Amino acid sequence: MMKLTHLRSLPNLMSDHLRTLPLLVLYLTDGCNSKCAMCDIWKAPRRNMDMGLVERLATSSQKLGTQLILLSGGEAMQHPEWPAIAQQFRAAGSKIWLLTNGLLLRKQAEEVIAYVDMLTVSLDAATPDLYEKIRGVDGLNLILEGMQIVSRAGIPVSTRTTLMRANFRQMPQIVDTSLGAGAQQVSFLAVDTVNPYAFGPRFEDVIPLNMPVNEFVGLTAEDLPEFATILDDLERTHATHFANGRIAESPSKLRRLYDYFAEPLGVGEFEGPRCNAPHISAVVNWDGRLQPCYFLPSWGKLNGDGVELEDALNDPAAIALRTAYRNGERAECARCVCPLYRGPRALLRGF
């Protein structure tokens, strides 16, 4: 049923001034218990979002009609108060979406079942050896056990795989492994190799598209024919899973991943994704720094000066960032690996 809050979100799509905030992403901590080869955030000391800031954000989320809170990080489940945080935002009227590497999932399954409405697990391999190679820890079986426990309790579970040279050959097995562990849906996105704002302070400088390629970044020209065959075979062998939505992306959308990897090699053309994330969501880092999305730079910071999220969203710097991306003036958007788009009908349905 359409709610008044959903209706109030429609003007967001018609100007760069936000009236509501359907989705709020919280980086609860910048620490992580994985050691991923394609992310440097785990190298930073763990610093947690202050509960005073959480309380302010919960109040703001209620005023902004926030429908969904995404708890992320670092590793959100490393914040010692994450269940209390989830409970607080639920009390403010939002649903809770937890994005996790899953290493603490079995240990904290009761808390997940009690306080989370939907769960997404980052799952980058279908075999323990490759998982450890990519993620730096031996955790695959532990994660799959946790997924099974939570799924059996009725929590919707999905997986998200960051596709790279090291794991693209395992796409079919990743689908089968994820669904076998209770996931309702499997999703794939390309590894990001160029954006300096996402996933921690990964690069001293922006890495150019012609950077030396290794296993943990993009595919080589020699890999592309094999990748194309894998995509064709997946469409044939898993047709039912595409049809019923168990694989989130359509075959044609997965083939955009081929274009993404092919373009910097000079053998293809990638069309930038459709996205309006900065008009329907915002990211708040553990220290109060604000971003329009994962991939655009911060425009300011919530601190003790009395400015709350509902005011900061329409700070001139925030509006300037939304205007720039909408006008195609932000280079980061051209090769974004994790776009979010909601048209009017989708907004009316709500998150």
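Where is Leu302 found? Leu302 sits in the loop between strand S9 (300-301) and helix H12 (309-312). This is a predicted model: local features need pLDDT of at least 70, side-chain atom pairs count only at pLDDT 80 or more, and totals for chains, interfaces and linings use all residues. Residues are numbered from 1 along each chain as its sequence is written, and side-chain values use heavy atoms, with hydrogens and water left out.

**View 1. Surroundings of Leu302.** Helices (H or I, at least four residues) and strands (E, at least two) are DSSP runs, numbered from the N terminus. Leu302 is buried, at 5% relative accessible area (buried: under 20%, 1.4 Å probe, protein chains only). Beyond neighbours within four places in sequence, its contacts include Leu53, Arg56, Leu57, Asp287 and Val307 (contact: heavy atoms within 4.5 Å). Leu57 lies 245 residues away along the chain, yet the two C-alpha atoms are separated by 9.7 Å.

**View 2. Strand S4 and its partners.** Four of the five residues of S4 (residues 118-122) are buried. S4 pairs in the parallel sense with strand S3 (residues 95-100) over four bridges (pairing: at least two DSSP bridges between two strands). Thr120 is the bridge partner of Leu99. From S3, the chain passes through helix H4 (residues 109-115) to S4 in a right-handed β-α-β crossover (right-handed: with the strands pointing away from the viewer, the path from the first strand over the helix to the second runs clockwise). S4 also pairs with strand S5 (residues 157-163), in the parallel sense, over four bridges. Here Ser122 stands opposite Arg160.

Terms used. Buried < 20%, exposed > 50% of the residue type's maximum accessible area, 1.4 Å probe, protein only.
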